[in-house]
Amino acid sequence: MIISSASDYREAARRKLPRFLFDYIDGGANAEHTMRANGTDLADISLRQRILRNVANLSLKSTLFGQELALPVILSSVG
């Protein structure tokens, strides 16, 4: 699966995670207004694929709150 949009990430997670976990993470609270607004905002973002680029010295490192992270992916408070 080639991921080219935010909805592709959601579909990849749906395929990979156990159903109860995906349903929990994918759901929103109450009327889900914020969840829909976030989805609309993410739909406006385009990922640009870069093909045949030199990736020999590629680094995903980033500094967050003064700490260097090798892969800056963070899940906020859940539950």
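D23 is partly exposed, with a relative accessible area of 38%, where partly exposed covers the range between buried (under 20% relative accessible area) and exposed (over 50%), taken with a 1.4 Å probe on protein chains only. The structure is a predicted model, in which local features need pLDDT of at least 70 and side-chain atom pairs count only at pLDDT 80 or more, while totals for chains, interfaces and linings use all residues. Residues are numbered from 1 along each chain as its sequence is written, and side-chain values use heavy atoms, with hydrogens and water left out.

D23 pairs with R19 in a salt bridge, a term that stands for a side-chain nitrogen of Lys or Arg within 4 Å of a carboxyl oxygen of Asp or Glu. Both residues belong to helix α2 and sit 4 residues apart, about one turn of the helix; helices here are DSSP runs of H or I with at least four residues, numbered from the N terminus. R19 itself is exposed, at 67% relative accessible area.

| Pair | N to O distance |
|---|---|
| R10 and D26 | 2.8 Å |
| D23 and R19 | 3.1 Å |
| R15 and E11 | 3.3 Å |

R15 and E11, by contrast, both lie in helix α1, 4 residues apart, and R15 is exposed, with a relative accessible area of 58%.

The largest pocket holds about 820 Å³ of space, a pocket being an open set of points on a 1 Å grid over the protein atoms alone, where a 1.4 Å probe fits and protein lies on both sides within 12 Å along at least five of seven lines; lining residues have an atom within 4 Å of a point. Of the 21 residues that line this pocket, A6, R10, I25, D26 and L42 are the closest to its centre. Helices α1, α2 and α3 (33-43) are the elements that give two or more residues to the lining, and α3 gives the largest share, 5 residues.

The second largest pocket, with about 170 Å³ of space, is lined by I25, V73, I74, L75, S76, S77 and V78.

Definitions and conventions: Grid points are joined across faces, edges and corners, and a volume is the space filled by probe spheres set on the points.
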